[in-house]
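Please consult the sequence and the model while reading.

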Amino acid sequence: MKIVTYNVQYGLGSDLKFDLERIAGELEGADVMALQEVERFWTRSGNTDQLAFFTERFPDHYWAYGPGVDLHLPGSLPKDNRRRQFGNMVLSRYPISFIRNHFLPKRSSIGPLSIQRTALETTLLIGDFPLRVYSIHLTHISSQTRQDQVRRILQIHRDAVHEGFPLSFGSSGLNLEPDVPDRSVADQAILLGDFNFAPDSPEYQMIVGPQSDYGGHVISEDGFIDAWTFCGGDPMSGHTGHTLTGPTRMDYCFVSTPIRNRIASCRVDENANGSDHQPVWLEFDL
């Protein structure tokens, strides 16, 4: 199974040209795609409906969309109800059993732009194997806020099985049973996305555990490993974007520790130029 995570920067490439088709070409061959910065009806991207573009461009993929920003579009009529949206997306060749869009902690700002960020949760049905896949975009403005967001994501992951399927029942008596044939909740997950932090940040260690003096990270069975380093990559290499201090690795594939041995490879597509980020590809053996 080929998985890719890509912050598409609403179609604006490293050459400052807007080209959604170029991005689609860079996604070809993926079974599962986690996209960030997919937007709808914003002036800067030509008032395009990028959700419609990706769903039409990949008709053999199921899809989910989770906007963090959802605003009234001036001039939109009630019969149209078009809204300006900005958020995360998942496309999958495998059926998506259910979807939850989680709003992450946010702080207001009178300085830098502060955007409502989300973690889009999808449960994929890969044969008899359910797997939770998240498309995540953390804030860029402060480490403190990102740490709050990471705590929330880890809580979401650990509470998922306890909370259960969106409809949880034995016999409802409300004629729901025929419409809800599979109520499996996956205990394993993959976190994909633009996390906006470097590998030497406290946010990174919150996810993969503290570095041990004896090598590796101290992490529990309900934690995550970094697929890049698991495959032998240098933690500080594999740059996927830029911060104010220079190029860094900020886009990640974090895999639940019990299924880490299913990771076959992890690589950065250094040739992609459809965005200001580089896509990260994860090959997963199921």
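Q: Which strand gives the largest share of the lining of the second largest cavity?
A: This is a predicted model, in which local features need pLDDT of at least 70 and side-chain atom pairs count only at pLDDT 80 or more, while totals for chains, interfaces and linings use all residues. Residues are numbered from 1 along each chain as its sequence is written, and side-chain values use heavy atoms, with hydrogens and water left out. Helix H5, strand S12 (251-256) and strand S13 (263-268) each supply at least two lining residues, helices (H or I, at least four residues) and strands (E, at least two) being DSSP runs numbered from the N terminus. The largest share, three residues, comes from S12.

Q: What is the volume of the second largest cavity?
A: On a 1 Å grid over the protein atoms alone, a cavity is a set of points where a 1.4 Å probe fits but cannot get out, and lining residues have an atom within 4 Å of a point. Grid points are joined across faces, edges and corners, and a volume is the space filled by probe spheres set on the points. The lining here includes Asp-226, Trp-228, Cys-253 and Cys-266, and the volume is about 40 Å³.

Q: How many disulfides does a search of the whole structure find?
A: A disulfide is a pair of cysteine sulfur atoms within 2.5 Å. The sulfur of Cys-253 has its closest cysteine sulfur in Cys-266, at 4.7 Å, and therefore too far for a bond. The search finds zero disulfides.

Q: Is Cys-266 buried or exposed?
A: Buried means under 20% relative accessible area, exposed over 50%, and partly exposed in between (1.4 Å probe, protein chains only). Cys-253, at 2% relative accessibility, counts as buried. Because Cys-266 has 12% relative accessibility, Cys-266 counts as buried.

Q: Which strand provides the largest share of the lining of the largest cavity?
A: About 50 Å³ of space lies in this cavity. Its lining consists of Glu-37, Gly-68, Phe-86, Gly-87, Asn-88, Gln-116, Arg-117, Thr-118 and His-137. The largest share, three residues, comes from strand S4 (residues 83-92).

Q: How many charged residues are in the lining of the largest cavity?
A: Ala, Val, Leu, Ile, Met, Phe, Trp, Tyr, Cys and Pro count as nonpolar, Asp, Glu, Lys and Arg as charged, and the others, Gly among them, as polar. On this basis the lining has one nonpolar residue and six polar ones, and the number of charged residues is two.

Q: Which residues lie closest to the centre of the largest pocket?
A: A pocket is an open set of points with protein on both sides within 12 Å along at least five of seven lines. The largest pocket has a volume of about 700 Å³. Of the 32 residues that line this pocket, the closest to its centre are Glu-37, Arg-117, His-137, His-140 and Asn-196.

Q: Which strand supplies the largest share of the lining of the largest pocket?
A: Strand S2 (32-40) and strand S10 (241-243) each supply at least two residues. The largest share, three residues, comes from S10.

Q: Which element gives the most to the lining of the second largest pocket?
A: The volume of this pocket is about 190 Å³. Of its 14 lining residues, His-217, Ile-219, Phe-224, Ile-225 and Asp-226 lie nearest the centre. Helix H4 (202-208), strand S9 (224-226) and helix H5 (227-230) each supply at least two. The element that gives the most, with three residues, is S9.
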